[in-house]
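Here are a few exercises to work through with the model open beside you. Try each task yourself, then read the solution.

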Amino acid sequence: MDFMLEEELIDLMTFCLQNSKSPEIEQKKKRISEIGVELFADGGVDALENFFFVLKNRITEEIGKDPSIFKPLWNGLTSEWSY
């Protein structure tokens, strides 16, 4: 399941970074937030950190853009995650 969520997050974030004017952006960001809730429920802040590390590396390598702008979408899940 983690692999599927990782791939979905990569697709969502890549889409948002490459299509900043798309009307679908808010829907994609909402799904990114939902996945964050799932990850946190399953593995806590460590899961969020580990996933984001992988996401950042893959997306930066693949399209040359930093997905860190999406980190705040997971704010509010825990005080340990505050961006």
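**Exercise 1.** How many aromatic pairs does the count come to?

*Solution.* Keep in mind that this is a predicted model. The count comes to four aromatic pairs. Take phenylalanine 52 and tryptophan 74 as one of them: their ring centres are 5.8 Å apart, with 90° between the planes. A pair counts as edge-to-face when the planes are over 60 degrees apart, so this one is edge-to-face. Now place the partners: phenylalanine 52 belongs to helix H2 (residues 25–63), while tryptophan 74 is in the segment after H2, 22 residues apart, so the pair links distant parts of the chain.

**Exercise 2.** Which salt bridges does arginine 58 form with glutamate 6 and glutamate 7?

*Solution.* The whole structure holds nine salt bridges. In one of them, arginine 58 meets glutamate 6 at 3.3 Å, N to O. That pair links distant parts of the chain, since glutamate 6 is in helix H1 (residues 2–18) and arginine 58 in helix H2, 52 residues apart. Arginine 58 also meets glutamate 7, at 2.6 Å, N to O. Glutamate 7 lies in helix H1 and arginine 58 in helix H2, so this pair ties together parts 51 residues apart in sequence. As for accessibility, glutamate 6 is buried at 17%, arginine 58 is partly exposed at 26%, and glutamate 7 is partly exposed at 23%.

**Exercise 3.** Which ring does the charged end of lysine 28 sit over, and what does lysine 28 form with glutamate 24?

*Solution.* The ring belongs to phenylalanine 15, and the charged end is 4.7 Å from its centre. With glutamate 24, lysine 28 forms a salt bridge whose closest N and O atoms are 3.6 Å apart. Glutamate 24 is partly exposed, at 35%.

Notes. Residues numbered from 1 in each chain as written. Predicted model: local features only at pLDDT ≥ 70, side-chain atom pairs only at ≥ 80, totals over all residues. Heavy atoms only, no water. Phe/Tyr/Trp six-rings, centres within 6.5 Å; stacked < 30°, edge-to-face > 60°. Helix = DSSP H or I, 4+ residues; strand = E, 2+ residues; numbered from the N terminus. Lys NZ or Arg CZ within 6 Å of the ring centre and 35° of its normal. Salt bridge = Lys/Arg side-chain N within 4 Å of Asp/Glu carboxyl O. Buried < 20%, exposed > 50% of the residue type's maximum accessible area, 1.4 Å probe, protein only.
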